[in-house]
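User: I'd like to learn how to read a model like this one. Can we go through it feature by feature?

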Amino acid sequence: MSNVQVAVVTGSNKGIGLAIVRALCKQFPGDVYLTSRDPGRGQAAVAQLQQEGLRPLFHQLDIDDLQSIRALRDFLKGKYGGINVLVNNAGIAFKVHDTTPFAVQAEVTLKTNFFGTKNVCTELLPLIKPYGRVVNVSSMVSSSALRGCSQELQQKFRSDSITEDELVQLMNKFVEDTKKSVHEKEGWPNTAYGVSKIGVTVLSRIQARLLNEQRKGDHILLNACCPGWVRTDMAGPKATKSPDEGAETPVYLALLPSSADAPHGQFVSEKTVKPW
Ligand code: NAP
């Protein structure tokens with residue numbers, strides 16, 4: 001088994017994920033895995049970084065596919081005995097003018113952004129080594145969507161005792177409420193992406209709390225973050241940041257020094273902890 005440190009970035013064949021891999025290849029003292037659900041797109045991205053003189057490694061990962069997640073888990077466990085850095089970056093968003101029925105958008109968006117990310121965490125968090133760093137890429141939209149929730153939902157999402165099961169139930173309820181066209185009456189904001197990212201931010205707060213309870217001595221730091229508004233296929237050409245600029249906050253959190261004991265369990269934007 002290798003003693004080499006290892007970092008893994010989900011959804012990193014393009015956009016912010018690719019920029020995170022680029023920065024980690026330059027700054028992280030170990031192997032860096034670019035992952036992609038499509039091996040062709042992944043290998044093309046690896047070749048692009050090789051042209052820049054960088055040496056990322058590749059592994060397939062579709063966060064919607066439990067078998068794919070478990071294959072990566074077994075590979076990392078066998079080769080490295082664990083993981084030092086995990087960046088959950090993969091995500092999707094329907095375009096504003098997309099005419100797909102809202103209930104379908106809700107189901108599809110939550111499937112990847114919340115449930116896919118949660119499944120990656122369930123399988124890979126037990127492999128995180130002492131002093132490991134976990135970064136869940138959420139969005140400022142999670143904060144605005146939270147403010148658009150009913151007082152009752154806001155209270156639940158801000159609770160310091162909400163469990164992962166309760167969060168899963170709420171995310172499922174959102175999808176079911178959209179199918180019955182009662183989501184607004186039930187206190188939800190009219191944004192599937194926003195609710196999916198509420199899920200990612202709250203999941204991060206829960207996971208950080210569990211790490212405090214179960215692995216206190218391991219000095220693992222886990223945070224959610226917003227990369228900013230970034231020119232990618234998701235956000236379009238009018239966004240203000242380049243992908244490399246968008247990678248800065250996730251990479252800052254991924255490389256927090258071993259002497260750091262904070263931030264942990266926070267929502268971070270522009271390298272600054274934001275209130276939730
Ligand atoms: P992007 O250019 O569309 O890239 C998204 C990446 O996620 C792609 O590599 C995509 O792979 C991958 N992906 C999607 N579904 C996947 C799945 N099931 N399994 C594995 N990979 C999957 O978007 P981006 O702007 O870089 O976004 C990256 C993250 O930042 C997302 O979580 C997004 O919500 C968040 N974010 C972005 C902005 C922004 O302004 N851009 C702002 C706030 C937050 P394919 O190429 O195969 O589709």
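User: Is the crossing of H1 past H2 left-handed or right-handed?

Analyst: First, a caution: this is a predicted model. H1 passes H2 in a right-handed crossing.

User: At what angle do H1 and H2 pack, and how far apart are their axes?

Analyst: H1 spans residues 15-27 and H2 spans residues 39-51. The angle is about 40°, and the axes lie 11 Å apart. Angles under 35 degrees would count as roughly parallel, and 65 to 115 as roughly perpendicular. H1 and H2 are therefore oblique to each other.

User: Which residues meet where H1 packs on H2?

Analyst: From H1 come Leu18, Val21 and Arg22. From H2 come Ala45, Gln48 and Leu49. By class, this contact has four nonpolar residues, one polar and one charged.

User: What should I expect of nonpolar side chains in general?

Analyst: In soluble globular proteins they tend to be buried together. Here, the largest nonpolar core has 31 residues. Ile20, Leu24, Leu34 and Val87 have the most contacts inside it.

User: Which elements supply this core?

Analyst: Several strands and helices supply at least two residues each, among them S1 (5-9), S2 (30-36), S4 (83-88) and H10 (248-254). H1 gives the largest share, seven residues.

User: What does Leu24 contact beyond its sequence neighbours?

Analyst: Leaving aside residues within four places in sequence, Leu24 is in contact with Ala7, Val9, Val32, Val251, Ala254 and Leu255. There is also a second, separate core of 24 residues. That core includes Ala106, Phe114, Phe115 and Ile162.

User: What about the backbone? Is the peptide bond from Ala262 to Pro263 cis or trans?

Analyst: Read omega. For this bond omega is near -5°, and the bond is cis. Pro263 is in the loop between H10 and strand S7 (267-269).

Technical notes
Residues numbered from 1 in each chain as written. Predicted model: local features only at pLDDT ≥ 70, side-chain atom pairs only at ≥ 80, totals over all residues. Heavy atoms only, no water. Axes fitted to C-alpha atoms, helices over the stretch in contact; angles between N-to-C directions. Helix = DSSP H or I, 4+ residues; strand = E, 2+ residues; numbered from the N terminus. Parallel < 35°, antiparallel > 145°, perpendicular 65-115°, else oblique. Left-handed = near helix turned anticlockwise from the far one by under 90°. Contact = heavy atoms within 4.5 Å. Nonpolar A, V, L, I, M, F, W, Y, C, P; charged D, E, K, R; others polar. Core = buried A, V, L, I, M, F, W, Y, C linked by side-chain atoms within 4.5 Å. Buried < 20%, exposed > 50% of the residue type's maximum accessible area, 1.4 Å probe, protein only.
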